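This briefing is meant to be read with the sequence and the coordinates open side by side. It begins with a single packing question and then moves through the chain topic by topic.

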Amino acid sequence: MTTYKELPATGGTQDSKQRLQFCAQQHLLKHAVSIENGGLGDNFQALVQAHLELGKSCQDTGLILSLNAHIWGSIFPLVLYGTTEQKAQWLPNLLSGKYLAGHAITEPQAGSDITQLNTQAVATEQGFILNGHKRFITNTPIADVLLIYARLEGKLSAFLVKQDDLGADFKDAPNVTGCSTATMGDIILTDCFIPIDRQLGKTGAGNMMIQNALELERAFIFAGIIGIMQWQLKQVIQYSRQRLVNGQHLGANQAISHKIADMQCRLDGCLLWVNECARLKDSGKRISLASAQTKLVASEAFLQSSLDAAHILGSSGLIAENKMSTLIQDAMASRLFSGSSEIQKNMIAALVGTGEGFKYRG
Ligand SMILES: Cc1cc2nc3c(=O)[nH]c(=O)nc-3n(C[C@H](O)[C@H](O)[C@H](O)COP(=O)(O)OP(=O)(O)OC[C@H]3O[C@@H](n4cnc5c(N)ncnc54)[C@H](O)[C@@H]3O)c2cc1C
């Protein structure tokens, strides 16, 4: 079981790095990765359990986001698409936490609609020259390397760009409210040269790689957040039993106890969804529909339960140290990262045979 020590969580870049590296020491980056690839050789169910315990003990959505960006944004694409040489070169450092990473898809003019992505890669004899602007990228600027999606010959493709590559500028802004203990920023690529072995996957495979990475992220990012929701509910139940109003404890009021009942149902619903994704993955089945449903249900549940929790605690729910109002902001962000709720609905509709299809980012 993972225990989360008292690590600084002010949101500074050094703190974020330290906390992610703490996760690495707990082997949290190695779940569901085969022993052959340097992982623990366990399954997605084990990953869910470990992330759940982390969430419960850290109550830090930013750390969960940061961890998931690293795992699904860099480790899994390398496992799935890396050549033997690329795996040998990158995976040991990514799995041990020596290198921190993530993936850069979003651009100022392209969020939900990835057909608008405009970062360009041009092939030269020795490698590629990249130009473009990425925005809202988790783990920037602390990332040592990012998987950057750019157009090569007009086709979406993926490239590993290091922080110290000439022409790569990993910035510490803009930041958003919500998940603020994770670092976030822009990446400016100005004639950034990278060697030939830094292309990951085939030219034109970018769209599929994005869908696969986000499918996994959507399925499992809430494992850790459900741990936080469990902690949140426990706090609310405790408060409702201790707080006296009109001579009886707060929870004796049906208006409050029904809110708590709803929180419990949402929490259990989320857990069922995440476990279902793990079950499907562990039995080699597809998770396209289940992961979109999980992301939609869980992010909406997280927001509603965070609003309820802060409200039940009264003004105490708005004291920053109590974390309840921070969780509302985190939940707002969770409706956007890995594809917004509307986009999940578009995908679900398409997968059941209606709607706009896979034009939009998952
Ligand atoms: C905390 C956080 C971390 C992030 N980390 C990363 C990261 O690591 N890497 C990365 O690449 N990106 C990251 N992002 C960016 C995120 O993926 C985008 O913000 C998201 O895809 C939405 O894009 P947008 O903000 O441009 O909104 P837009 O696409 O402009 O959408 C604006 C609003 O319109 C809605 N909308 C858009 N299209 C439709 C439609 N067809 N039908 C109905 N409604 C629609 C959206 O749901 C949204 O509410 C992160 C964002 C956040 C908040």
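This is a predicted model: local features need pLDDT of at least 70, side-chain atom pairs count only at pLDDT 80 or more; totals for chains, interfaces and linings use all residues.

**Overall fold**
- The protein chain contains nine helices and ten strands, and its radius of gyration of 21 Å is close to the 21 Å that the globule rule gives for 362 residues, so the chain is as compact as a globular protein of that length.
- Along its principal axes, the C-alpha trace of the protein chain spans about 80 × 45 × 40 Å.
- Of the 362 residues in the protein chain, 49% count as buried.
- Among the contacts in the protein chain with a separation of 6 or more, 72% are accounted for by residues 24 or more positions apart.

**Domains and the contact between domain 1 and domain 2**
- The protein chain is divided into domain 1 (13–100), domain 2 (102–203) and domain 3 (207–359).
- The centres of domain 1 and domain 2, taken over C-alpha atoms, are separated by 20 Å, and 21 residues of domain 1 are in contact with 20 residues of domain 2.
- On the side of domain 1 that touches domain 2, helix 1 (13–25), helix 3 and helix 4 (84–96) each supply at least two residues, and the largest share, twelve residues, comes from helix 3.
- By class, that side of domain 1 has eight nonpolar, ten polar and three charged residues.

**Surroundings of the ligand**
- There are 25 residues around the ligand, and those that come nearest are Ile105, Gly111, Ser112, Ser340 and Glu342.
- Two or more residues of this shell are given by each of helix 3 (61–81), strand 1 (101–104), strand 3 (127–138) and helix 9.
- The shell around the ligand divides into 13 nonpolar, ten polar and two charged residues.
- Both domain 2 (102–203) and domain 3 (207–359) give residues to the shell, so the ligand lies between them.

- Helix 9 is followed by Gly353, whose phi is positive, near 105°.
- Ser338 is placed in the loop between helix 8 (324–334) and helix 9, and its phi near 60° is a positive value in a residue other than glycine.
- Ser338 counts as buried, because it has 27 C-beta neighbours inside 10 Å.

**Ala121 in strand 2**
- Ala121 belongs to strand 2, which covers residues 120–123, and it counts as buried, with 27 C-beta neighbours inside 10 Å.
- Leaving aside its neighbours within four places in sequence, Ala121 is in contact with Phe128, Leu130, Ala150, Arg151, Leu152, Ser157 and Phe159.
- Gln21 is 100 residues from Ala121 along the chain, and the C-alpha atoms of these two residues are separated by 32 Å.

**Loop geometry and cis peptide bonds**
- Asn139 sits in the loop between strand 3 and strand 4, and its phi near 75° is a positive value in a residue other than glycine.
- Asn139 counts as buried, because 30 C-beta neighbours lie inside 10 Å.
- Pro141 is also found in the loop between strand 3 and strand 4 (145–152), and the peptide bond from Thr140 to Pro141 is cis, with omega near 10°.
- A cis peptide bond also joins Ala173 and Pro174, with omega about -5°; Pro174 lies in the loop between strand 6 (168–170) and strand 7 (184–195).

Terms used. Residues are numbered from 1 along each chain as its sequence is written. Helices (H or I, at least four residues) and strands (E, at least two) are DSSP runs, numbered from the N terminus. The radius of gyration is taken over C-alpha atoms; the globule rule is 2.2 Å times the number of residues to the power 0.38. A residue is buried if 20 or more other C-beta atoms lie within 10 Å of its own, exposed if 12 or fewer, and partly exposed in between; C-beta atoms are placed from the backbone. Two residues are in contact if their C-beta atoms, placed from the backbone, lie within 7 Å. A residue is near a molecule or strand if its C-beta atom, placed from the backbone, lies within 6 Å of it. Ala, Val, Leu, Ile, Met, Phe, Trp, Tyr, Cys and Pro count as nonpolar, Asp, Glu, Lys and Arg as charged, and the others, Gly among them, as polar. Domain bounds come from an automatic or database domain assignment.
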